[in-house]
Amino acid sequence: MSKAMSKTQIIAEPDTQQIEVIRAFNAPRELVLRAFTEPDLLVQWLGPHGYTMTIDRYEARDGGTWRYTHRDAEGNAFAFHGVFHGAPSVDGIVQTFEFEGWPGRVALERLTFEAQGDTTLVRTLSVYQSVADRDAMIESGMEQGLNEGYERLDELVATLQAS
């Protein structure tokens, strides 16, 4: 399945364990990296519209761990956690990703930040332990949450550049 919603391209080929997400942002890659690694910026964009985010820990360093929780308007909580592998930099971020509602379904993610003139192309490759785990993530509504979060990230980087 290959879909392009708004400006985000999500590629999930049948019978594979991976999802690739590609999105361009109108900001230099150093600024986009900051939005992905600084907790005070991350809470402003990550996740769907109408959700609030709290960060329990976010240690953007080799071996550092992270955990955050999204809450919807009804108070339902959705927690995620992982570990950084290598030091995050403009060259990329490698981390694990696990939704606590599905314990044991861990994905390994690699994000890259490619400078393209005044824009940065963010590519995320997530590899799941099985096709079933990958499919469950797709069916969870990740596409909507991802698109809404990236819309919020567009707004954030525009605000940061203006100030």
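Reader: Why is Asp 56 called partly exposed?

Author: Asp 56 has a relative accessible area of 46%. Buried means under 20%, exposed means over 50%, and partly exposed lies in between (1.4 Å probe, protein chains only). The value of 46% sits in between, so Asp 56 is partly exposed. A word on the source: this is a predicted model, where local features need pLDDT of at least 70 and side-chain atom pairs count only at pLDDT 80 or more, while totals for chains, interfaces and linings use all residues. Residues are numbered from 1 along each chain as its sequence is written, and side-chain values use heavy atoms, with hydrogens and water left out.

Reader: What makes the contact of Asp 56 and Arg 67 a salt bridge?

Author: A salt bridge needs a side-chain nitrogen of Lys or Arg within 4 Å of a carboxyl oxygen of Asp or Glu. Here the N to O distance is 2.2 Å, so the pair qualifies. Asp 56 lies in strand E4 (residues 52-58) and Arg 67 in strand E5 (residues 65-71), so the bridge ties together parts that are eleven residues apart in sequence. Strands (E, at least two residues) and helices (H or I, at least four) are DSSP runs, numbered from the N terminus.

Reader: How do you know that Asp 133 is buried or exposed?

Author: Its relative accessibility is 11%, and that value falls under the 20% limit, so Asp 133 counts as buried. Asp 133 also meets Arg 105 in a salt bridge (3.1 Å, N to O). Arg 105, at 33%, counts as partly exposed.

Reader: Why does the pair of Arg 61 and Glu 59 count as a salt bridge?

Author: The closest N and O atoms of Arg 61 and Glu 59 are 3.7 Å apart, which is within 4 Å, so the pair counts. In total, the structure holds eleven salt bridges.

Reader: What makes 24 residues of the lining of the largest pocket nonpolar?

Author: Ala, Val, Leu, Ile, Met, Phe, Trp, Tyr, Cys and Pro count as nonpolar, Asp, Glu, Lys and Arg as charged, and the others, Gly among them, as polar. By that rule the lining divides into 24 nonpolar, ten polar and two charged residues. A pocket is an open set of points on a 1 Å grid over the protein atoms alone, with protein on both sides within 12 Å along at least five of seven lines, and lining residues have an atom within 4 Å of a point.

Reader: Which element supplies the largest share of that lining?

Author: Helix H4 does, with seven residues.
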